[in-house]
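Hi,

Here is the structure I said I would send over. Have a look at it first, and then read on for my notes.

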Protein chains: 2
Amino acid sequence: MTNPETLATLGENEALRRTVSRLKKSENTIVGSGDDAAVVKTSNNRFVVTTDTMIEGHDFNTEWSNAFDLGWKAVATNISDVAAMGAKPTALVVALAVPKETEITWLEHFADGLQAAIDYFAPTAEIVGGDLAQSQQIVIAVTAHGDLEGREPILRSGAKPGDILAVAGTLGQAACGLSLLQSGNQDAISAYDDWVNIQTRPMPPIQAGIDAFEATSMLDISDSLAKDAHRIAKASNVKLTINKQALDGYCARIDDVAARLDLNAIDWVLFGGEDHSLLATFPAGASIPRSFKPIGTVEAGEGVYLDSNPLDARGWDATLSTSQ
Amino acid sequence: MTNPETLATLGENEALRRTVSRLKKSENTIVGSGDDAAVVKTSNNRFVVTTDTMIEGHDFNTEWSNAFDLGWKAVATNISDVAAMGAKPTALVVALAVPKETEITWLEHFADGLQAAIDYFAPTAEIVGGDLAQSQQIVIAVTAHGDLEGREPILRSGAKPGDILAVAGTLGQAACGLSLLQSGNQDAISAYDDWVNIQTRPMPPIQAGIDAFEATSMLDISDSLAKDAHRIAKASNVKLTINKQALDGYCARIDDVAARLDLNAIDWVLFGGEDHSLLATFPAGASIPRSFKPIGTVEAGEGVYLDSNPLDARGWDATLSTSQ
């Protein structure tokens, strides 16, 4: 039996070549990998850009997430920020640093995860550049770009009294999956693998963001519904009230798991992070896209309320991004 | 005496806020830090993008480079890749991961180094987004963007027989500085600090890249004159001949240091990396910008020659970038 090829045995250039060769080309790209920089086309003279880093031991561990999962998650979480601006994801650059004993098959599966997420969420997008380096722990830094296609960017600061608060995507399922993994209860993990999968391979509603062109404000729920609602309330200088009953459907999907782990589903829905769903506000008369579900209202004032009770800005805070 | 504030004691959000507050805003930026993503303006519908990672222990060590140096170098080396496409640097995103005991003053000096390099090389550019995370070793991943302002990108693949080979910027000085640092000879390091500074705070000829719009090919010399000349020869399917005598001026500047360290200046000029100078080819009739010095010729054939002798593709290979 031969030893597996590693970054150290195969060499860095060959390792990178093998990894990049698994990625597809797109029509947006005028110049791709192989020169000093890539050249990317936009449909107008503005582009959207965001960056996010995932670090082993802080943002993930390799016991719960395999290489494919990490590639998928790196793409999904970054293009979610692009979609939260109302833009269509177009181009990504990926900087990856791994220990030198990392097997080449790990790099290949990582590339497959990147490409699978692009195929699923943004088939016209492409990875246009990358960097591979050696480090003590795995570090994944992705920069994602988007095209506004002539639309105005949708910020956090545009919510107005009278607007409707709505959400697209899952709520609490990623936190539920994390609790399952943390429980170490293999029977429960296996029984509820759909929720574990949302944690390791998030499913952000990318098209919903692009469809939400009538939204007055929007953001990507990375930390928690509560915490990110506070971000809109503060940036827009408004009061948000979440209708607790409107969250029943989200709780219903995770109630069984919560009971099994002796936890409360509503805590995951309100304070759980990493669903990468979209929270947006729409004018009362707007046609809200079908993928968005109304969950509350916008009024003059400040703060976030669950029915008539103030809601704390608690949530997940693993990332320190300026672009949250 | 109070203990210095660290990432751990001050908290990650406050640390990031203090760091970002030291950076200036630019006119290219429609939406900057603070939302899901930034929105950047270009003068036409194309933008240039490149990414590069610097890792403690591999690409730098904190004994030789302070925080300001690292911020400077991270900007300089990345916008050098933008300039090597003939584009004007416009916007950067910076993902930084540091150990949790890192002092806040370190982060502030890093930000000052980023901003100082932008002020010096590209005063109309801006850092539009960032990410701060905890890691075991310092990891700096920068993605830089550029505007072609309506020009065509200058690739590695356009050199034609009959063209003139020319270089802008220093050759061998960064390698000379590295040898000085590696020597541990404090007297020599102090006497020749200009060369050490080129290593720790590179001075890429950014404007030369923007001025080189008549160039048929161009790249950033990150690995070595020899290795990067081979990249142009291979991509353009031509033979490059470097005139050894044309390198005398580059050798003259580092001959004294080479003698003191018992090394050969010509080896630094040919095989030393990290000068981040520009190597380009121009048609025979073109007006070559004054910042470029002709050093050779382009002919039909393949390979790279120093006068009539084949030149090996030896050089620095710390980075594994697909966008080299």
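Below is what came out of going through the model, starting with how the chains sit together.

A word on conventions: residues are numbered from 1 along each chain as its sequence is written, while chains are lettered from A and ligands numbered from 1 in the order in which they are written. Bear in mind that this is a predicted model, so local features need pLDDT of at least 70 and side-chain atom pairs count only at pLDDT 80 or more, whereas totals for chains, interfaces and linings use all residues.

**The two chains**

Contact here means that the C-beta atoms of two residues, placed from the backbone, lie within 7 Å.

How many residues of each chain are in contact with the other? It is 63 of chain A with 63 of chain B. On the chain A side, strand E3 (residues 46-55) gives the most, with nine residues. Helices (H or I, at least four residues) and strands (E, at least two) are DSSP runs, numbered from the N terminus. By class, that side of chain A has 28 nonpolar, 25 polar and ten charged residues. For the classes, Ala, Val, Leu, Ile, Met, Phe, Trp, Tyr, Cys and Pro are nonpolar, Asp, Glu, Lys and Arg are charged, and the others, Gly among them, are polar.

**The core**

The largest nonpolar core has 224 residues, and those with the most contacts inside it include Leu92(A), Leu114(A), Val75(B) and Leu92(B). Such a core is a set of buried Ala, Val, Leu, Ile, Met, Phe, Trp, Tyr and Cys residues joined through C-beta atoms within 7 Å. A residue is buried if 20 or more other C-beta atoms lie within 10 Å of its own, exposed if 12 or fewer, and partly exposed in between, with C-beta atoms placed from the backbone. Leaving out residues up to four places away in sequence, Leu92(B) touches, among others, Val75(B), Ile127(B), Val142(B) and His145(B).

Also in chain B, have a look at Asp147(B) in strand E6 (residues 139-147). Is this Asp147(B) buried or exposed? Asp147(B) is buried, with 25 other C-beta atoms within 10 Å. Beyond residues up to four places away in sequence, Asp147(B) touches Thr42(B), Ser43(B), Phe47(B), Ala87(B), Lys88(B) and Thr90(B). Asn44(B) is 103 residues away along the chain, yet its C-alpha is 7.8 Å from that of Asp147(B).

**Around helix H7 of chain A**

Helix H5 (residues 173-183) and helix H7 (residues 193-200) of chain A pack at an angle of about 105°, with their axes 7 Å apart. That makes H5(A) and H7(A) roughly perpendicular to each other (the label covers 65 to 115 degrees, against under 35 for roughly parallel, over 145 for roughly antiparallel and oblique for the rest). Axes are lines fitted to C-alpha atoms, for helices over the stretch in contact, and angles run from 0 to 180 degrees between N-to-C directions. Among the residues making the contact are Cys176(A) and Leu180(A) of H5(A) and Trp195(A) of H7(A). The contact has eight nonpolar, three polar and no charged residues.

The buried residues of H7(A) are Trp195(A), Val196(A), Ile198(A), Gln199(A) and Thr200(A). Their cover includes helix H3 (67-83), H5, helix H6 (186-191) and H11 of chain A. Val257(A) sits in H11 and is buried, with 24 other C-beta atoms within 10 Å. Setting aside neighbours within four places in sequence, Val257(A) is in contact with Cys176(A), Leu180(A), Tyr192(A) and Trp195(A).

Asp262(A) has a positive phi, near 60°, although it is not a glycine. Most residues other than glycine have a negative phi. Asp262(A) is in the loop between helix H11 (255-261) and helix H12 (265-271) of chain A, and is exposed, with 7 other C-beta atoms within 10 Å. Asp262(B) likewise has a phi near 60°.

Cheers
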